[in-house]
Amino acid sequence: MTDRDKERLKHRAAVIAGWIIACLMFFPIFWMFLTSVKTELQAISVPPKVFFNPTFQNYVLIEERTDYFRFAWNSIVTSFGGTALAMLIAIPSAYAMAFNPGRWTKDILLWMLSTKMLPAVGVMMPIYVICQRLGLLDTKLALVIIYAAINLPVIMLILFNFFREIPKEILEASRLDGTSTLNEITQIVVPLAWGGIASTALLSIVLLWNEAFWSIILTSGDAGTLVALVASFSSPEGLFWAKLSAVSTLACAPIIAFGWLTQKQLVQGLTFGAVK
């Protein structure tokens, strides 16, 4: 077997392995949708029914009993709003750390990242009391602020690595021309790192869309997101698997479509900025 044949065999093996992994990752989503078009009796049958007459009655019931579009709008506002606020803070901060590093820059970044290891339940009570005192319970503003805070360390780290790839000579030349710091960020750094900024923002939106803990704790109805809507289908009477699968499918569908459309930018953010 020649070296070319070996390389071709390795390539085919990698493609097959990729398809196998992709199918394994996609199977839970497929099974969730399959369960959503079953009746409740079919959903809990043992062994599971693979061949059956599909029904969309569960989706009809969800539309009749819940205000799906209000929950979806809350998810859009909080995930995009939290990302926008975090980016507004992270871009100038990452700029300062990347182009004007100090002795403790890396330690500060490590400390910020270490806050992600803090269990959310550990700070639940103080944050809940603060929101209560400020009248922010069950408001989208509270979720936007909390979402921005919990994603800020990751966004900072990724943007810091993206900004470090910009040649410092470009900034030095602009400073000789008398460019202000604000213009340097908005007219030079942001355009040069726009790909990294966009991929970081997309990754943040995906993470915040799936954030469940704070949405369930801090909202009751008016500002509830889609994950809170899914949680509401757990009742003392038990779990209705078909209806729960239907509402879960509706909650996942927008972000799956969003991720599919922006997959190149997401991969760039995950494989470049996060690991450099």
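Leu202, Ile205, Val206 and Trp209 of helix H10 (194-209) meet Ala251, Pro254, Ile255 and Phe258 of H13, where contact means heavy atoms within 4.5 Å. By class, that contact has 8 nonpolar, no polar and no charged residues. Nonpolar here covers Ala, Val, Leu, Ile, Met, Phe, Trp, Tyr, Cys and Pro; charged covers Asp, Glu, Lys and Arg; the others, Gly among them, are polar. This is a predicted model, in which local features need pLDDT of at least 70, side-chain atom pairs count only at pLDDT 80 or more, and totals for chains, interfaces and linings use all residues. Residues are numbered from 1 along each chain as its sequence is written, and side-chain values use heavy atoms, with hydrogens and water left out.

**Overall picture**

- The protein has 14 helices and 2 strands; these are DSSP runs numbered from the N terminus, helices being H or I with at least four residues and strands being E with at least two.
- Its C-alpha trace spans about 75 × 75 × 30 Å along the principal axes.
- Of the 276 residues, 38% are buried; buried means under 20% relative accessible area, exposed over 50% and partly exposed in between, with a 1.4 Å probe and protein chains only.
- Take the contacts between residues at least 6 apart in sequence: 78% of them join residues at least 24 apart.

**How H13 packs**

- Two packed helices are described by the angle between their axes and the distance between the axes.
- The axes of H10 and H13 (residues 241-261) come within 11 Å and cross at roughly 170°; axes are lines fitted to C-alpha atoms, for helices over the stretch in contact, and angles run from 0 to 180 degrees between N-to-C directions.
- H10 and H13 are therefore roughly antiparallel, given that angles over 145 degrees count as roughly antiparallel, under 35 as roughly parallel, 65 to 115 as roughly perpendicular and the rest as oblique.
- H3 and H13 pack at about 75°, with axes 9 Å apart, so this pair is roughly perpendicular.
- On the H3 side, the contact is made by Asn58, Tyr59, Leu61, Ile62 and Arg65; H13 brings Ala242, Lys243, Ala246, Val247, Thr249 and Leu250.
- The residues of the H3 and H13 contact split into 7 nonpolar, 2 polar and 2 charged.

**Helices with a buried side**

- An α-helix has 3.6 residues a turn, so residues three or four places apart point the same way.
- In H3 (residues 57-65), the buried set is Asn58, Tyr59, Leu61 and Ile62.
- Seen down the axis of H3, these buried residues fall within an arc of 160°, so they line one face of the helix; the arc is that of the directions from the helix axis to the C-beta atoms.
- Glu63 and Glu64 are exposed on the other side of H3.
- Cover for the buried residues of H3 includes helix H1 (3-36), helix H2 (40-43) and H13.
- In H5 (residues 105-114), Thr105, Leu109 and Met112 are the buried residues.
- They cover an arc of only 60° around the axis, which puts them on the same side of H5.
- Lys106, Leu110 and Trp111 are exposed on the face of H5 turned away from its buried side.
- The buried residues of H5 pack against helix H4 (68-99) and helix H7 (140-163).

**Buried residues in loops**

- Glu211 sits in the loop between H10 and helix H11 (213-218), and it counts as buried at 18% relative accessibility.
- A polar atom of the Glu211 side chain lies 3.3 Å from the backbone nitrogen of Phe213, and one lies 3.5 Å from the backbone nitrogen of Trp214.
- Not counting residues up to four places away in sequence, Glu211 touches Tyr147, Ile150 and Val227.
- Glu211 and Tyr147 are 64 residues apart along the chain, with their C-alpha atoms separated by 8.2 Å.
- Thr219 is placed in the loop between H11 and helix H12 (226-231), and counts as buried at 11% relative accessibility.
- The Thr219 side chain reaches the backbone oxygen of Ser215 at 2.2 Å.
- Leaving aside neighbours within four places in sequence, Thr219 is in contact with Asp138, Leu143, Trp214, Gly224 and Ala228.
- Ala193 is in the loop between helix H9 (181-192) and H10, and counts as buried at 5% relative accessibility.
- Beyond residues up to four places away in sequence, Ala193 touches Phe163 and Ile166.

Note on methods: Polar contact = N/O pair within 3.5 Å; in protein donor to acceptor, adjacent residues only side chain to side chain.
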